[in-house]
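Let's take a walk through this one together. Keep the viewer open and turn the model as you read.

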Amino acid sequence: MKKLLSAFNTRVGLLSFLVFFVWAKSMLAYFGVFNLRGVGPAEFLLMIINPIGFTATCFALLLFIRRTSLFYLATLVLGIGANFLLYLNVLYYREFSDFITIDTMTGGAGMFQHGFDFGSVPVHLMDWLYWIDLVVIIVLLIAKKMKFDQRPVGAKRAFTFFSMGLALFGLNFWFGDFNKNQLIMRRAQSDKTYVVRYLGLGPWILTDGYYTNLANTQRKDASKESLEEIQKYIASNRYLAPNMKMYGIAKNRNVIEIHLESFQQALIDLKIKGTDGKEHVVTPFLNSIYHSNSTYSFSNFFNQVGQGKTSDAENLLETSTFGLPAGSLFAKYGSTQTFQAMPAILNQTDGYSSAVFHGNVGAFYNRLNTYKQMGYQNFFDQSFFDNSASNMSPWGIKDKLLFRDSVPMLEQMQQPFYAKYLTVTNHLTYTMDDEDKDPNFATVDSGNKLVDGYFETAHYLDQAVEQFYAYLKKSGLYDKSIIVLYGDHYGISGSDNKAFAPYVGYDADTFNNYDNTMLQRTPFMIDVPGRTDGHIIDTYVGQVDVMPTLEHLMGIDTSKYVQFGQDMFASGRQDFVALRNGGFVTPTITLPTLNSRYYYDTQTGLQIENLTPEQETYVKETKQKVADLLAASDKLNNQNLLRFYTPTGFTPVDAKDYSYTVKDTEKRLKKENEDLSAKSNSLLSQNQGKSTLPDYTTDIPEVKKGEDEVKVKD
Ligand code: MN
């Protein structure tokens, strides 16, 4: 003990202890509090080592200080600072399932003023563990049990320690980047759980600080004039009057949006020859919706996402603006951005309630903050579901369980509602537990695990949607709703396309940028029960067009809103689909990316060797139109220009009005149903308080085993 204590008496010894304590406490937080689920041993290892390098580098800097009093003061300040960063995150995470950002600390997102109930700060009994080391050191110093080390270590030795720390951090960074295929730099801009998982809390707060500062600089000089220019641009180039044959056909219906994760249009109507020698239809149920006469299906619907992937798709659909050229808008701006988004517009025009159901943690893509800015009333993330290991696919609650276990919440929502389901099972790695696999389905043996798995998880998703549909019909919700199904982005990409190509009608040997662009099509279907004129529409459209299309179906005038999409049913559409990379697809010519060497004939797929003078003019003009469109959207979002404009009759959303904690949500829903009593429109009230869950038939192994009660977390 004495020997151990004497180590405290040297500067290097003290700092080593502090680094060790920061590491130990980080482990306590990572595994005890934060819901950081590593995928595989490499991620697990990264989580264990990531606090060391960064912390050691920071503490090693102190060794450059020569003056004794200054050294100990700085050590104490840094030690307490590191502890605060960690412990505040612990408290914050317990309440919000999210990490602190600069905006949440400075109150930019309105978290600490409201919604954070100081009376119920989630302090736990064992939390003294986070402070005990510092308390002991301070006590030892005061009691003079610990001696001040008067000898500076010298610049050379200090530099050695600093370099060692930095090397360790660098190694950590390199390994993380390597592990995620150079994704760290990109992921840093799109998702904080990645940064924390791979690099730790310190690097996260620095990254966040950098981007917050960048955003503030960009926004400082923004002006109302810029917004007015964009409004003019939209009025003369983008806004289209609705097609009156379609206008209002879905008025006051519930809107159920099913986000088909990583689902490509190429899967629709696809048959594969399985390893059992038989032919299998990959997604029979989605095919039947695609061809149903109550569904308006689009065969040339392109995803327009950038690096923000899933979150970009959401942003495109909820706001009819593009994601950013780099990073995720949700992550970068979501906590402070002014939106005039779907849930708020539907709520304010027709009294819609709103909710998102999602199997992953709420912190992912900063959804917890972004959805509040968008005016979502409810966000049922993983914390509302039973997330025991057998219920999870790598990216969250298994889809079949997500749909089924959402029923007790869905049926409490006032109608009409706008409910979005973000599925997760059909997501990269495309792996599933054996018990979830359909025994009647056999996938291919392509020699590429992702491709083989992709067909299996897509088939699983198809079944999940089928079971949910059966419930919607049985419970009566179907006829009162429209169901919107869309794919967010590709599932297979890059070199894996060579293995994928032959199954979806392309040639692996000649697979080129044109083929890749065509594989960027994802499903888009609007099922309007009761209609019989549904059909497959070949118009070239994109995700940015969804919002005005839906609004018009619901009888909402869009002329006053700032939206870049064009109603898919309207006439006079601009004939190009802009890709986020600056490329485009028109009915005649495709440019895969802004700087592609070749143009392609959209219909034949052939490379155009020499453009005719007319084509030359056409592509030049189209390129310019795409650039103008993306530039206008980027300006609006980067400078947060909507804060300068409130459409007539629209009340700006106040994030402080929303709380997504399980406790608050359950209380609110119950109160809503009680307060409205006889006037309550929820399915549950219409059923005299009797749950519709028994209407749900499913083949989920966990449920079949006899666990009939939905296990919803306390
Ligand atoms: Mn996605």
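Start with charge: the protein carries 67 positive and 74 negative side chains, and the centres of the two sets sit 10 Å apart. Here Lys and Arg count as positive and Asp and Glu as negative, with His and the chain ends not counted; each charge is placed at NZ of Lys, CZ of Arg, CG of Asp or CD of Glu.

A word on what you're looking at: this is a predicted model, where local features need pLDDT of at least 70 and side-chain atom pairs count only at pLDDT 80 or more, while totals for chains, interfaces and linings use all residues. Residues are numbered from 1 along each chain as its sequence is written, and side-chain values use heavy atoms, with hydrogens and water left out.

Now the overall build. The protein has 26 helices and 17 strands (DSSP runs, numbered from the N terminus: H or I of at least four residues for helices, E of at least two for strands). Of the 714 residues, 59% are buried, meaning under 20% relative accessible area with a 1.4 Å probe, protein chains only. Take contacts (heavy atoms within 4.5 Å) between residues at least 6 apart in sequence: 77% of them join residues at least 24 apart.

Glutamate 261 is in the loop between β1 (254-260) and β2 (271-273), and aspartate 488 in the loop between β10 (481-487) and α20 (497-500), so the pair ties together parts 227 residues apart in sequence. Both glutamate 261 and aspartate 488 are buried.

Then move to the loop between α23 (613-638) and α24 (662-676), where you'll find leucine 641. Is leucine 641 buried or exposed? Buried, with a relative accessible area of 0%. Leaving out residues up to four places away in sequence, leucine 641 touches several residues, including Ala222, Ser223 and Leu227. Serine 223 is 418 residues from leucine 641 in sequence, yet their C-alpha atoms are 7.4 Å apart. Asparagine 640, in that loop between α23 and α24, has a positive phi of about 50° although it is not a glycine.

Terms used: Buried < 20%, exposed > 50% of the residue type's maximum accessible area, 1.4 Å probe, protein only.
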